[in-house]
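Dear colleague,

I am passing on the structure below for you to look over.

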Amino acid sequence: MSPLPRGSMENSSMKETSISLRPIICYRPINPSDLERLEQIHRDIFPVRYESEFFQSVVSGCDIVSWAAVDRSRPDGHCDELIGFVTAKIMLARESEIADLIRYDSTKGEETLVYILTLGVVETYRNLGIASSLIKEVIKYASGIPTCRGAYLHVIAHNNPAIRLYKRMSFRCVQRLHGFYLINGQHFDAYLFVYFINGALTPCSPLEVVMVAVNYMRRGIKSVASKLTTKNNEERGLKWIKCKDTRCLLPTQTNKRNLSSDRSSDRSCV
């Protein structure tokens with residue numbers, strides 16, 4: 001679910017015409033005239049089938065916000081045709097999976113999050129920075145909401161291009177969810193990525209401390225102990241753990257999402 005976030009899929013059967021050497025990429029909201037094209041791209045690049053209600057909600061702007069990428073340099077009436085998109089929805093922070101990671105500010109009222117649902121770019125337009133630009137649109141939108149504390153998403157564990165993209169964009173990988181997806185009868189793990197905004201994350205959250213500690217232990221207890229200079233420091237070795245992002249992922253049990261090829265109740269990109 002970018003470029004593959006859960007969303008920029010690697011394998012697409014779509015046949016696009018060659019693009020200009022200097023494509024003019026513009027971004028706009030998705031509108032009702034995009035319905036057929038939006039459905040086509042989802043069919044071609046996602047391993048699951050989305051319900052018609054989802055697409056209707058996207059094009060009507062009902063509970064879902066969206067951005068479309070188009071190439072104004074395309075000829076023959078295709079200059080306003082979707083070549084990429086991102087969809088998202090606003091939800092209450094207290095009802096989300098990351099509620100325990102949010103530093104709440106009671107003065108701001110009921111706090112919210114933006115959940116990125118799907119993100120995709122057609123094959124011939126990948127590696128042009130379009131997915132990054134679409135994500136930036138979401139972050140800009142979320143940052144403009146005073147009650148919003150961040151944007152988050154799930155990505156299937158083997159989607160390495162998406163994972164690299166999110167890390168480059170300063171999303172934090174906070175959990176590994178075992179068996180999160182069920183696609184065609186097979187379970188797949190997922191990673192949970194979060195981009196905190198408006199001071200949502202404490203300077204050094206308990207989760208980050210644990211994640212860094214696990215990372216140190218995996219490198220070898222002996223290696224860490226050898227760097228300690230006194231017995232007292234050895235007993236308090238984690239004193240030197242700094243509050244910083246880490247690549248360490250903690251396995252966490254969660255409700256599994258059933259994403260069969262015939263029906264998907266979860267509208268996140270994979």
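In helix α1, which spans residues 35-45, the buried residues are Leu35, Arg37, Leu38, Ile41, His42 and Ile45; buried here means under 20% relative accessible area, exposed means over 50%, and partly exposed lies in between, with a 1.4 Å probe and protein chains only. Please keep in mind that this is a predicted model, in which local features need pLDDT of at least 70 and side-chain atom pairs count only at pLDDT 80 or more, while totals for chains, interfaces and linings use all residues. Residues are numbered from 1 along each chain as its sequence is written, and side-chain values use heavy atoms, with hydrogens and water left out.

The cover over the buried residues of α1 includes α2 (52-60), β3 (82-92) and β4 (112-121), where helices (H or I, at least four residues) and strands (E, at least two) are DSSP runs numbered from the N terminus. An α-helix has 3.6 residues a turn, so residues three or four places apart point the same way.

His42 is found in helix α1 and is buried, with a relative accessible area of 1%. Leaving aside residues up to four places away in sequence, His42 touches Val48, Tyr50, Phe54, Phe55, Phe85 and Thr118, contact meaning heavy atoms within 4.5 Å. With Thr118 there is also a polar contact between the two side chains, at 3.3 Å; a polar contact is a pair of N or O atoms within 3.5 Å, of which, within protein, one must be able to donate a hydrogen and the other to accept it, and residues adjacent in sequence count only if both atoms are side-chain atoms.

**Salt bridges**

The structure holds nine salt bridges, each defined as a side-chain nitrogen of Lys or Arg within 4 Å of a carboxyl oxygen of Asp or Glu. One of them joins Glu81 to Arg37, with the closest N and O atoms 3.7 Å apart. Because Glu81 lies in the loop between β2 (65-71) and β3 while Arg37 belongs to helix α1, this pair ties together parts that are 44 residues apart in sequence. Arg37 is buried at 11% relative accessible area, whereas Glu81 is partly exposed at 23%.

Arg72 and Asp80 form another salt bridge, with 2.6 Å between the closest N and O atoms, and both partners count as partly exposed, Arg72 at 36% relative accessibility and Asp80 at 32%. These two residues also belong to a network of salt bridges that links Arg28, Asp34, Arg72 and Asp80.

**The β6 and β7 hairpin**

Strands β6 (residues 172-183) and β7 (residues 186-196) run antiparallel and are joined by eight bridges, strands being counted as paired if DSSP finds at least two bridges between them. Two residues lie between the strands of this hairpin, and Asn184 takes a positive phi near 50°. Asp189 forms a salt bridge with Arg176, the closest N and O atoms being 3.0 Å apart, and this pair links Asp189 in strand β7 with Arg176 in strand β6, 13 residues apart.

Cys173 has Phe193 as its bridge partner in β7 and is buried, with a relative accessible area of 6%. Cys148 is likewise buried, at 0% relative accessibility. A search of the whole structure finds zero disulfides, a disulfide being a pair of cysteine sulfur atoms within 2.5 Å.

**The protein as a whole**

The protein contains seven helices and nine strands, and buried residues make up 48% of its 270 residues.
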